[in-house]
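Visitor: I'd like to go through this structure piece by piece. Can you put it up?
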Amino acid sequence: MADVYLIGAGPGDPGLLTVKGKHILETADIVVYDYLANDEFLSYAKPGAEIIYVGKKGGDHTLPQDKINELLVQRAKEGKSIARLKGGDPYVFGRGGEEAEELMEAGLTFEVVPGVTAGVAAPAYAGIPVTHRAHTTSVCFITGHEDPTKEKSGHNWAVYAQSESTLVFYMGVKNLPMIAENLISNGRDPKTPVALVRWGTRCTQESMVSDLENVAEEAARRGFKAPSIIVVGSVCSLHESLNWFEKRPMLGKGVVVTRAREQASGFAETLREQGACVHQFPTIKINPMEDCSEIRQALTEIDSYDWVIFTSVNGVRRFFAEVDAAGADSRIFGGRKIAAIGPATAEALVRRGLRPDFVPAKYVAEHVVSGLIERGVGEGCRILIPRAKVAREVLPEELRKAGAEVRILPVYETGLNEQGPEALEARLEAGEIDFVTFTSSSTVDNFFKLLPPEILKKYMPQVRLACIGPITAKTLESYGFSADIQPEDYTIPGLTEALINA
């Protein structure tokens with residue numbers, strides 16, 4: 001075990017954090033992170049971990065480097081394990097070497113966890129391979145912002161200009177006119193392609209390609225600012241044909257996900273795969289039942305039911321938590337018919353070794369009941385529904401009308417998430433939100449408990465509201481809003497497709 005881990009967080013795409021880096025974040029006592037390290041990584045920190053921001057951007061330093069060094073030494077000497085999260089790679093223009101030297105001099109141990117550096121990743125996401133057999137066999141990584149206290153520049157512009165290598169400049173946008181001028185004056189062809197990639201690998205990525213003699217003027221005209229990577233060389237000509245990332249249909253679109261955090265990961269990841277900027281604002285908190293005796297009793301009586309109907313993934317998880325605690329498994333369902341309301345619930349059951357006998361084509365109570373009646377549910381049929389303590393009663397009521405004996409089994413409770421709306425309000429004000437998604441009536445109710453309707457109305461119609469189905473849309477209407485987007489297929493994949501089409 002080291003005292004401090006210098007972790008490369010990669011350039012911004014959460015998926016580019018290494019497995020080892022994630023593991024250390026999950027176990028560290030303190031996380032010290034930079035401006036360029038994606039805030040989402042902080043969700044990996046263990047409960048109770050201390051989070052310290054020391055970011056630097058454009059001359060605005062929360063802590064200067066010498067104070068960051070002191071902080072790492074001081075806290076490590078307290079016996080705390082520290083994850084020092086740095087954008088990109090710690091040793092590629094990341095000043096990780098300086099931090100390592102300070103730790104070593106203080107008699108502390110450290111480990112380096114390399115990260116994906118922006119000089120490779122940002123061009124790759126913009127369709128620019130930094131090496132290519134038909135273009136160049138070498139690449140040179142260069143800082144565009146040298147230490148101002150150095151007596152002599154480390155740049156050899158003649159070598160850069162006369163080389164056929166791809167040149168990749170970090171932190172150089174402010175000095176772009178100087179970089180272009182030095183390369184041209186030292187012999188580089190003014191028509192050499194040059195690319196800029198801003199916020200590379202993130203949902204806000206943007207890129208441009210020009211040539212050496214015009215790039216500074218064009219970048220200024222288009223408002224390119226830090227953080228941007230500058231790539232010089234003929235490989236930039238591949239941008240047009242290989243630029244895969246910026247073709248994603250929802251690139252740069254801000255989407256608020258209001259599902260409970262336990263449910264949101266799959267939906268959020270699907271949206272990110274389409275290029276969206278996902279802002280998680282979980283309105284629901286999933287809590288286990290304080291008293292599980294009723295669930296344990298139901299397990300002993302499971303063979304007295306004809307059907308067991310699961311209405312959500314949470315219901316599956318919490319029910320099987322008690323199955324596991326009892327030392328049992330899916331064999332307790334022997335001879336019972338199983339229904340799953342929705343493909344995600346069905347998939348959760350399959351992972352538990354249960355293939356549902358019935359998954360309705362549409363996920364509203366009327367279709368569920370008619371489908372069950374077609375399969376013999378009726379007079380004298382006993383049904384168990386493991387679900388939330390508080391939920392809509394339409395399904396059990398309709399089944400009772402059909403003559404079935406229905407038992408509701410609360411296996412979890414939903415509560416209001418305690419997260420405040422301040423960050424969401426700031427993003428709304430900044431114009432970063434394009435869609436707010438609602439996946440149940442509960443998400444609607446809890447959303448407006450956290451953010452009053454009059455605040456959201458200020459940002460309409462620029463912000464569009466998406467509901468997973470008609471019941472959720474009806475709840476939204478009770479607050480004075482209508483659903484702008486509603487899929488025909490009342491599922492998360494259906495909602496995602498409707499957002500893409502919008």
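Strand S16 and its surroundings

Guide: Strand S18 (residues 382-388) runs parallel to S16, and two bridges join them. Strands pair here if DSSP finds at least two bridges between them. Helices (H or I, at least four residues) and strands (E, at least two) are DSSP runs, numbered from the N terminus.

Visitor: Before we go on, what are the ground rules for the model?

Guide: This is a predicted model: local features need pLDDT of at least 70, side-chain atom pairs count only at pLDDT 80 or more, and totals for chains, interfaces and linings use all residues. Residues are numbered from 1 along each chain as its sequence is written, and side-chain values use heavy atoms, with hydrogens and water left out.

Visitor: OK. Which residue in S18 is the bridge partner of valine 308?

Guide: Leucine 384.

Visitor: And how many bridges between S16 and strand S17?

Guide: Four, in the parallel sense, with S17 covering residues 337-340. Tryptophan 307 stands opposite lysine 337 of S17. From S16 the chain passes through H11 to S17, a β-α-β crossover that is right-handed. Right-handed means that, with the strands pointing away from the viewer, the path from the first strand over the helix to the second runs clockwise.

Visitor: Which way do the S16 side chains point?

Guide: Trp307 and Ile309 point one way, Val308 and Phe310 the other, and all are buried. Buried means under 20% relative accessible area, exposed over 50%, partly exposed in between (1.4 Å probe, protein chains only).

Visitor: What sits between S16 and helix H11?

Guide: A loop that holds serine 312. Serine 312 counts as buried because its relative accessibility is 12%. Thr345 and Tyr412 touch serine 312, not counting residues up to four places away in sequence; contact means heavy atoms within 4.5 Å.

Visitor: How many residues in H11, and what span?

Guide: H11 has 13 residues and reaches 18 Å from first C-alpha to last, close to the 18 Å expected at 1.5 Å a residue. The expected span is 1.5 Å times one less than the number of residues. Buried residues of H11 include Phe319, Phe320 and Glu322. Just after H11, glycine 327 has a positive phi of about 75°.

Visitor: Switching topic. How many disulfides does a search of the whole structure find?

Guide: One. Cysteine 203 is joined to cysteine 277, S to S 2.0 Å; the cut-off is a pair of cysteine sulfur atoms within 2.5 Å. The torsion about that S-S bond is about 110°, so the disulfide is right-handed. Cysteine 203 is in the loop between strand S10 (193-198) and strand S11 (206-211) and cysteine 277 in strand S14 (residues 277-280), so the pair ties together parts 74 residues apart in sequence.

Visitor: Why is cysteine 236 too far for a bond?

Guide: Because its sulfur is 14 Å from the closest cysteine sulfur, in cysteine 140. Cysteine 236 is buried, at 1% relative accessible area.

Visitor: Arginine 198 next. Buried or exposed?

Guide: Buried, with a relative accessible area of 18%. Arginine 198 is in strand S10.

Visitor: What lies 3.1 Å from a polar atom of its side chain?

Guide: The backbone oxygen of alanine 226. A polar contact is a pair of N or O atoms within 3.5 Å; within protein, one must be able to donate a hydrogen and the other to accept it, and residues adjacent in sequence count only if both atoms are side-chain atoms. Leaving aside neighbours within four places in sequence, arginine 198 is in contact with residues including Thr204, Glu206 and Phe224.
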